[in-house]
Amino acid sequence: MQIKTCPTEFKFMEAGKVMAFAGYASKFNGIDAYGDMILPGAYSDTIVNRDKPILMMRNHWDGVIGKWTMMQEDEDGLYVEGELTPGHSLAQDTYALLKHGAISGLSIGYVPVDQEDGVFDEKRVRILKKINLVEISVVDNAADSGAKITNVKDLTALKDIESLLRSRGFSRSEATAIVAQVKSIAHGERENGKAIADLIRNYKLPF
């Protein structure tokens, strides 16, 4: 297994008890400190139809600290959302360090599946086309300047929004759709704002 580490930026919100964060485990098309470039599509196979989950680790070797609740490729890289395990001492320490800004990295543990050598800006690089992802760690130091933890937050807030919508007469599917759109906006997909407004506007409120 090989390791690739990425620096992190984040902001956080608190609205409940679930320790959660979101960000990028790696970015596409940049050359990192290892001389590697990851291409779009590199994770498309490994994040679906898995026999074993992709683990959330601390510094690769310090143990499991939580679970990844979502991961997907977008135009920028591999976007992930995860929850740290409540009552787990290392997970709680990690969350405290993230909130304080004392640590700033995510790192992937992976096995190259399809790669080739190339030259960019007179630099020899390894181009990674396909990756078998084993784990993603919260780490102290990073090598890829592109990846970011964009949110350290409590996902209970979104669950509260869904419950409130249900109590106001929205169906489960409508409430879930709205929450999904809200998450997309938090992810930076601002064009979904109109979709949220239209969804609410077109629904006949029962009050």
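## Arg58 and its partner

Let's start with Arg58, which counts as buried at 6% relative accessibility. Here buried means under 20% relative accessible area, exposed means over 50%, and partly exposed is in between (1.4 Å probe, protein chains only). Arg58 makes a salt bridge with Asp140, with the closest N and O atoms 3.0 Å apart. A salt bridge is a side-chain nitrogen of Lys or Arg within 4 Å of a carboxyl oxygen of Asp or Glu. This pair links distant parts of the chain: Arg58 is in strand S4, while Asp140 is in the loop between S8 and strand S9 (149-153), 82 residues apart. Asp140 itself is partly exposed, at 34% relative accessibility.

A quick word on the source: this is a predicted model, where local features need pLDDT of at least 70 and side-chain atom pairs count only at pLDDT 80 or more, while totals for chains, interfaces and linings use all residues. Residues are numbered from 1 along each chain as its sequence is written, and side-chain values use heavy atoms, with hydrogens and water left out.

## The overall layout

The protein chain has four helices and nine strands. Both are DSSP runs numbered from the N terminus, with helices (H or I) of at least four residues and strands (E) of at least two. Going from the N terminus, the order is β-β-β-β-β-β-α-β-β-β-α-α-α.

Of the 207 residues in the protein chain, 42% are buried. Take the contacts (heavy atoms within 4.5 Å) between residues at least 6 apart in sequence: 72% of them join residues at least 24 apart.

## Strand S8 and its neighbours

Keep an eye on strand S8 (residues 123-139). Two strands count as paired if DSSP finds at least two bridges between them. S8 pairs with strand S7 (residues 105-120) in the antiparallel sense, over 15 bridges, and there Tyr110 has Leu133 in S8 as its bridge partner.

S8 also runs parallel to strand S4 (residues 55-58), joined by four bridges, with Leu55 partnered by Glu135. Strand S3 (residues 36-38) is parallel to S8 too, through three bridges, and Asp36 stands opposite Arg126.

The structure holds four salt bridges. Asp36 and Arg126 form one of them, with their closest N and O atoms 2.8 Å apart. Since Asp36 lies in S3 and Arg126 in S8, the pair ties together parts that are 90 residues apart in sequence. Both Asp36 and Arg126 are buried.

Lys130 and Asp45 also meet through their side chains in a salt bridge (3.3 Å, N to O). Lys130 is in S8 and Asp45 in the loop between S3 and S4, 85 residues apart. Lys130 is partly exposed at 23% relative accessibility, whereas Asp45 is exposed, with a relative accessible area of 53%.

## Inside the core

What about the largest nonpolar core? A nonpolar core is a set of buried Ala, Val, Leu, Ile, Met, Phe, Trp, Tyr and Cys residues joined through side-chain atoms within 4.5 Å. The largest one has 28 residues, and Tyr43, Trp68, Met71, Leu78, Leu84, Leu133 and Ile136 touch the most other members. S8 gives the most to this core, with five residues.

Leaving aside neighbours within four places in sequence, Trp68 is in contact with several residues, including Phe21, Ile54, Val80, Leu106 and Ile136.
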